[in-house]
Amino acid sequence: GAAEPSQSRSANAHSTASIIFSEPSHRRHGRLNFHWVLRLNQRAVPALRVLTNWKVETYIQERRAAGCVSSRDRLYRFLASPTSSGNALMFALLILAVSFASIITFGVESHQHSKQVSSALELYGENATAIEEHLGSLTPPYEEPLFAWNCVLAAMFTAELALRLATYPTPLRDSELWVDALALLPLILRIACASTPEGDLFYESALEMYLPGQYYQPAGGTFLHLNAAFSSLRLLKLTRHMLGCRILGQTLTESFTALLIPTYFLFMLVTLFGTLLFALEYDPYAERDGPRVLDIPTAWYLILVTMATVGYGDFSPQTAGGRILMGFVMISGLT
């Protein structure tokens, strides 16, 4: 008699696991379900195959075993475990496609605005007032089609982030949500810059992003451009579940200790050869003899570029001793 409850609980747990980890499309009929996406995922190249998020599935299994699975848990599984259903994987692929579209949109915007500023410079030179008046006479950014598209993108990403914050068990501890918020910030700033009136702080920052010469102030434009770079982090949302990315991450983790030794020796060689190069090349009248190094950090930069076989050509040795030393640096970089 005592064994029967144990056997019953074991059977219930087994049935619970089978329900959770089985393909949802076999249970739900008459609903929109992209079960074929899961089949394509199974047939995909192994490196691109999206894997199961076992952390989420285990959490849902525990909740199901306790008999307290709620709609919030189901939505959490839908958002955080792309392979939990065909709909979840299709939604993840849709977000990935929209993320690509967002990055391409920023590139198109940058090209259009830079082209407008270039034409203004050809007309007015570095007359900041005339350039600003010319740009002000153009179609306002908030009336352009790309502005409306950016608003749609912002609404989609904001709604998705809000759903994740509302459904994740511990949202503040989830690095994925911090990445989402960091990737959403540039889009919000671009919309703010385009929608604010002339004379506003965001308007000035938007102009500073493109205007050179007297009017250009690097702080505002650099800040917005650096923020825009974080938009690419959104591409990690689905790729972090791919087999190839997990193998790469595991390889880097396991190789981290081994990589410390060559990194240490690289740092030692750069500082050693760089300091020797500075001693051989330094000349207070260097400008008359070509692009010579003028300080030790510049010498370190030249050594690093040479060892990496990049060779920008912005600096080069001008003395016989410097050239001989750089020959050893080239050989050490190749070997």
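Student: Before we start, what are the ground rules here?

Tutor: This is a predicted model, where local features need pLDDT of at least 70, side-chain atom pairs count only at pLDDT 80 or more, and totals for chains, interfaces and linings use all residues. Residues are numbered from 1 along each chain as its sequence is written, and side-chain values use heavy atoms, with hydrogens and water left out.

Student: Okay, which residues have the most contacts inside the largest nonpolar core?

Tutor: First the idea: a nonpolar core is a set of buried Ala, Val, Leu, Ile, Met, Phe, Trp, Tyr and Cys residues joined through side-chain atoms within 4.5 Å. Buried means under 20% relative accessible area, exposed is over 50%, and partly exposed sits in between (1.4 Å probe, protein chains only). Here the largest core has 16 residues, and Tyr 76, Phe 157, Tyr 168 and Leu 187 have the most contacts inside it. Two or more residues each come from helix 3 (54-65), helix 4 (71-80), helix 7 (145-167) and helix 8 (175-195). Helix 7 gives the most, with five residues. As for the helix labels, they are DSSP runs (H or I, at least four residues; strands are E, at least two), numbered from the N terminus.

Student: What is Tyr 168 in contact with, leaving aside its neighbours within four places in sequence?

Tutor: Take contact as heavy atoms within 4.5 Å. On that basis Tyr 168 touches Arg 72, Tyr 76, Leu 79, Ala 80, Asp 174, Glu 176 and Leu 177. There's also a second, separate core of twelve residues, including Val 270, Phe 278, Ala 299 and Met 307.

Student: Now the charges. How many salt bridges does the count come to?

Tutor: Look for a side-chain nitrogen of Lys or Arg within 4 Å of a carboxyl oxygen of Asp or Glu. The count comes to five. In one of them, Glu 57 pairs with Arg 77, closest N and O atoms 3.1 Å apart. Glu 57 is in helix 3 and Arg 77 in helix 4, so this pair ties together parts 20 residues apart in sequence. Both Glu 57 and Arg 77 are buried.

Student: And where are Asp 73 and Arg 63?

Tutor: Asp 73 is in helix 4 and Arg 63 in helix 3, ten residues apart, with the closest N and O atoms of their salt bridge at 3.0 Å. Asp 73 counts as buried because its relative accessibility is 3%, while Arg 63, at 26%, is partly exposed.

Student: How many disulfides does the count come to?

Tutor: A disulfide is a covalent bond between the sulfur atoms of two cysteines. The test is a pair of cysteine sulfur atoms within 2.5 Å, and the count comes to zero. Cys 68 is partly exposed at 33%, and Cys 245 is partly exposed at 37%.

Student: Last one: is Trp 178 buried or exposed?

Tutor: Trp 178, in helix 8, counts as exposed because its relative accessibility is 53%.
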